[in-house]
Amino acid sequence: DVASGSARHSIMTSWTYALPIGKSQRLLSGAPAAVNMIAGGWSINGIGTLRTGSPLQVASKNNLLNTGTSNIANKACSSVSYPKTLAQWFDTSCFADVTTPYVWGNARRGSLWGPGVVNFDLAAFKSFRMPKERSFEFRTEFFNALNTPHFSNPNTSMSSGSYGMITSTSLPPRE
């Protein structure tokens, strides 16, 4: 059985790049001190996250288990097709309600998968030297810099009016 919250694939990268501008650099190395103070010494960095979605499990309308928890639905198709739209993330006709009392459905976790994550955070920063071996750093950061939507998992409860739909996001938009 696939663990809840696990993803099949996950890649995270991070990088930092010192811009070659200013004193002792390729660009503007002979510029006046004032230009070097403003344009030189800048660095940029970023973090990239790519992750597949998490495994999902469809809940049956009927709770005939007498356990107080939702029953697992029955999988009616050999493979679940993925329209992958917000209005219909998966083919809801591939799952059937459980009608036999005290029997678990066969649509185990991992019968279908939720949406993945593509996210890039970026930052630009510069350190300024101050008297007495102190420094000051100016930094600007952009979380979710490309403003990619991060959708929540679709509703997997057959008794819901939004069954099979994605109705929210899991992470905030660009900040």
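**Entry 1**

I began with Arg 139, which counts as partly exposed at 34% relative accessibility. I note here that the model is predicted.

I then asked which residues form a salt bridge with Arg 139. Glu 137 is one of them, and the closest N and O atoms of this pair are 3.7 Å apart. I kept this pair on the list because a salt bridge needs a side-chain nitrogen of Lys or Arg within 4 Å of a carboxyl oxygen of Asp or Glu. Glu 141 also forms a salt bridge with Arg 139, and there the closest N and O atoms lie 2.6 Å apart.

Through shared partners, the salt bridges join Glu 137, Arg 139 and Glu 141 into one network. I also searched the whole structure and found two salt bridges.

**Entry 1: the largest pocket**

I turned to the pockets. How much space lies in the largest pocket? I noted about 240 Å³. Its lining is made by 13 residues, and those nearest the centre are Asn 36, Met 37, Gly 40, Lys 126 and Ser 127. Two elements give two or more residues each to this lining: α1, which covers 33–39, and β7, which covers 117–130. Of the elements, β7 gives the most, with four residues. I sorted the lining of the largest pocket by class and got four nonpolar, six polar and three charged residues.

**Entry 2: the second largest pocket**

The second largest pocket holds about 170 Å³ of space. I listed 15 residues in its lining, with Arg 51, Gly 53, Ser 54, Pro 115 and Val 117 closest to the centre. By class, the lining of the second largest pocket has five nonpolar, nine polar and one charged residues.

Which residues make the nonpolar patch? I wrote down Ile 11, Leu 50, Val 118, Phe 120 and Leu 146, which together make a patch of about 430 Å². I traced one of these, Ile 11, to its element: it is found in strand β1, residues 10–18. Val 118 and Phe 120 have numbers that fall within β7 (117–130).

Note on methods: Residues are numbered from 1 along each chain as its sequence is written. This is a predicted model: local features need pLDDT of at least 70, side-chain atom pairs count only at pLDDT 80 or more; totals for chains, interfaces and linings use all residues. Side-chain values use heavy atoms; hydrogens and water are left out. Patches are made of residues with over 30% relative accessible area and no salt bridge: like charges are joined within 9 Å, nonpolar side chains (Val, Leu, Ile, Met, Phe, Trp, Tyr) within 5 Å. Accessible areas come from the Shrake-Rupley method with a 1.4 Å probe; for residues, only the protein chains shown count as cover. On a 1 Å grid over the protein atoms alone, a cavity is a set of points where a 1.4 Å probe fits but cannot get out, and a pocket is an open set with protein on both sides within 12 Å along at least five of seven lines; lining residues have an atom within 4 Å of a point. Grid points are joined across faces, edges and corners, and a volume is the space filled by probe spheres set on the points. Ala, Val, Leu, Ile, Met, Phe, Trp, Tyr, Cys and Pro count as nonpolar, Asp, Glu, Lys and Arg as charged, and the others, Gly among them, as polar. Buried means under 20% relative accessible area, exposed over 50%, partly exposed in between (1.4 Å probe, protein chains only).
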